[in-house]
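Morning, everyone. I have one structure to show you today. Please take a look before I start.

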Amino acid sequence: MLKQVSIFAENKKGTFQAITEILKREEINILGSATMDGVDFGTVRMLVSDTDKAIHSLKAAGFLCRVTNIIGVEMEDKTGSLNHLLQELSYGNINLDYTYLCFNRESGKPIIILHTDDIFEVENHLKSKGFAVQ
């Protein structure tokens, strides 16, 4: 199971850069991220090299953030890999809240990030089906 930093941020020019500036200053590497915009506010979701330090630093700068448990599934970089994973989740009657993609820097393989309402159940289900769960 992985820990994700979710940042509730004002949707205005320079906000994302301000977040990355804080992480840079604290020497925290961004391993994966996704942004979801809204009219006035959006959510930035990130996997980082030091979750606790990131949360502390971002909160100190006035950002509203939290830590969320997520699952990472390493897959082969070939046609149909994502479909195979989603099909298995469908067979298990599992609903996903959201997904995004990052990469394993060592193997070069894609890692699909998953969030669902029962992380532990989904993690166990995927492991039992032979998926490489992070």
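First, the ground rules. This is a predicted model, where local features need pLDDT of at least 70, side-chain atom pairs count only at pLDDT 80 or more, and totals for chains, interfaces and linings use all residues. Residues are numbered from 1 along each chain as its sequence is written, and side-chain values use heavy atoms, with hydrogens and water left out.

Start with helix H4, residues 119-128. Helices here are DSSP runs of H or I, at least four residues, and strands are runs of E, at least two, numbered from the N terminus. Which residues of H4 are buried? Ile-119, Val-122, Glu-123, His-125 and Leu-126. Buried means under 20% relative accessible area, exposed means over 50%, and partly exposed is in between, with a 1.4 Å probe and protein chains only. Those five cover an arc of only 165 degrees around the axis, so they sit on the same side of H4. That arc is taken from the directions from the helix axis to the C-beta atoms. The face turned away carries exposed Phe-120, Asn-124 and Ser-128. What covers the buried side? The cover includes strand S4, helix H3, S6 and strand S7. After H4 comes Gly-130, with a positive phi near 90 degrees.

Now the loop between strand S6 and H4. Thr-116 is in it. Thr-116 counts as buried because its relative accessibility is 3%. A polar atom of its side chain lies 2.6 Å from the backbone oxygen of Asn-95. Beyond neighbours within four places in sequence, Thr-116 contacts Ile-94, Asn-95, Leu-96, Asp-97 and Val-122. Contact means heavy atoms within 4.5 Å.

Next, charges. There are five salt bridges, each a side-chain nitrogen of Lys or Arg within 4 Å of a carboxyl oxygen of Asp or Glu. One of them joins Glu-123 and Lys-127, with the closest N and O atoms 3.9 Å apart. Both lie in H4, about one turn apart. Glu-123 is buried at 10%; Lys-127 is partly exposed at 46%. Another pairs Lys-24 with Glu-21, at 3.8 Å. These two are three residues apart in helix H1, so about one helical turn separates them. Lys-24 is exposed, at 59%.

Last, the surface. Phe-8, Phe-41 and Leu-64 make a nonpolar patch of about 310 Å². Phe-41 is in strand S3, and is partly exposed at 40%.

Terms used: Patch = residues over 30% accessible without salt bridge, like charges linked within 9 Å, V, L, I, M, F, W, Y side chains within 5 Å. Areas by Shrake-Rupley, 256 points an atom, 1.4 Å probe, with all protein chains shown as cover. Polar contact = N/O pair within 3.5 Å; in protein donor to acceptor, adjacent residues only side chain to side chain.
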